[in-house]
Amino acid sequence: MALLWSAIAAGLSMGASLMAKGIFQVHLDGVPGAFLLENLGYTFGFVIVIMARQQLFTENTVTAVLPVMHKPTWSNAGLLLRLWGIVLFGNLIGTALGALAFNEMPIFDDATRQAFTNISMKVMEHTPGEMFANAVISGWIIATMVWMFPSAGGAKLLVIVMMTWLVALGDLAHIVVGSVEVLYLVFNGTISWHEFLWPFALPTLLGNITGGTLIFALISHAQIRNDMSEAAVAKAKAEKRKQEKRRQREEQEKAE
């Protein structure tokens, strides 16, 4: 249950990306470099989610799939799918609540609401094929970001901003952030639920899984397996040297 609540919190937090982009778009209109600064707003949701250790679908898919690849059993696969299902379901609930709040609560002025609509409509300009292709690259970048964390140390925040800003600048598709944007359009009556599922949700989800899990995890698993094999060989050699020294010592004792 804690996993689900954390995933819902993450979905809500990702609404910060749409909020920041919309506010930046309104107040940076006509300012040189507005495109770069506006897209910096996209990083806000990721910073909140990751630094608060909330459960985000595309962030935890890579680390969760590696054990399955190391030991591919039906039991492990079932646990992986259960984890994915709970996290994705919770994320979508959170994004829906956030999008509904942006629509119904008297928080933003008309200019900001129009900016939210403009940003969200830009997502819907892509065909299903483009959604999938963009999502593959997005999934790859997010997975790379997660892979960098252990080596990032105190620069973790910089890594989050750098990698997610790149996703925004490339206008790439992300199932959770994009759900906030597209559901905003659903709740204000611009598009239907059918349009949320297709051309957006299904191609984007498949693309994120392909790029962030299947491709990246396969390569990472190959790297880890090679490292593990090298470690096993080194351990075997060390054990062999240890046995030889023990044998030599025993022979010396017998000779004495």
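Buried means under 20% relative accessible area and exposed over 50%, with partly exposed in between (1.4 Å probe, protein chains only).

1. Basis. This is a predicted model, in which local features need pLDDT of at least 70 and side-chain atom pairs count only at pLDDT 80 or more, while totals for chains, interfaces and linings use all residues. Residues are numbered from 1 along each chain as its sequence is written, and side-chain values use heavy atoms, with hydrogens and water left out. Helices are DSSP runs (H or I, at least four residues), numbered from the N terminus.

2. Asp 171. With 28% relative accessibility, Asp 171 counts as partly exposed. The residue sits in the loop between α9 and α10. Its phi is positive, near 55°, although Asp 171 is not a glycine. Most residues other than glycine have a negative phi, and most peptide bonds are trans.

3. Arg 53. Arg 53 belongs to the loop between α4 and α5 (57–70). Its relative accessibility is 73%, so Arg 53 counts as exposed.

4. Trp 198 and Pro 199. The peptide bond joining Trp 198 and Pro 199 is cis, with omega about 25°. Pro 199 is part of helix α11 (residues 193–255).

5. Helix α9. This helix covers residues 156–169, 14 residues in total, and reaches 20 Å from its first C-alpha to its last, close to the 20 Å expected at 1.5 Å a residue. The expected span is 1.5 Å times one less than the number of residues in the helix. Which residues of α9 are buried? They are Val 159, Ile 160, Met 163, Thr 164, Val 167 and Ala 168. Viewed down the axis of α9, these buried residues fall within an arc of 160°, so they line one face of the helix; the arc is that of the directions from the helix axis to the C-beta atoms. An α-helix has 3.6 residues a turn, so residues three or four places apart point the same way. The buried residues of α9 pack against α3 (34–40), α4 (43–51) and α8 (128–152), where contact means heavy atoms within 4.5 Å. Asp 171, with its positive phi, follows α9.

6. Helix α2. The end C-alpha atoms of α2 are 19 Å apart, which agrees with the 18 Å that its 13 residues should span at 1.5 Å a residue. Buried in α2 are Gly 15, Ala 16, Ser 17, Leu 18, Ala 20, Lys 21 and Gly 22. The helices that the buried residues of α2 pack against are α1, α3, α4, α6, α7 (110–123) and α10.

7. Phe 24. Phe 24 is in helix α2 (residues 15–27). At 23% relative accessibility, Phe 24 counts as partly exposed. Leaving aside neighbours within four places in sequence, Phe 24 is in contact with Leu 37, Glu 38, Gly 41 and Phe 44. Ala 34 is 10 residues from Phe 24 in sequence and 8.1 Å away in space, C-alpha to C-alpha.

8. Helices α1 and α6. The axes of α1 (residues 2–13) and α6 come within 6 Å and cross at roughly 40°. That angle makes α1 oblique to α6. Axes are lines fitted to C-alpha atoms, for helices over the stretch in contact, and angles run from 0 to 180 degrees between N-to-C directions. Angles under 35 degrees count as roughly parallel, over 145 as roughly antiparallel, 65 to 115 as roughly perpendicular and the rest as oblique. The crossing of α1 and α6 is right-handed, meaning that the near helix is turned clockwise from the far one by less than a right angle. Residues in α1 that meet α6 include Leu 3, Leu 4, Ala 7 and Gly 11; among those in α6 are Ile 86, Gly 90, Gly 94 and Gly 98.

9. Ile 86. Ile 86 lies in helix α6 and, at 21% relative accessibility, counts as partly exposed. Not counting residues up to four places away in sequence, Ile 86 touches Leu 3, Leu 4 and Ala 7.

10. Helices α6 and α10. Helix α6 (residues 74–104) packs on α10 (residues 175–187) at an angle of about 40°, with the axes 8 Å apart. This makes α6 oblique to α10. The contact includes Leu 88, Leu 92 and Phe 102 of α6 and Ile 175, Leu 183 and Phe 187 of α10. α6 passes α10 in a right-handed crossing.

Conventions
Helix = DSSP H or I, 4+ residues; strand = E, 2+ residues; numbered from the N terminus.
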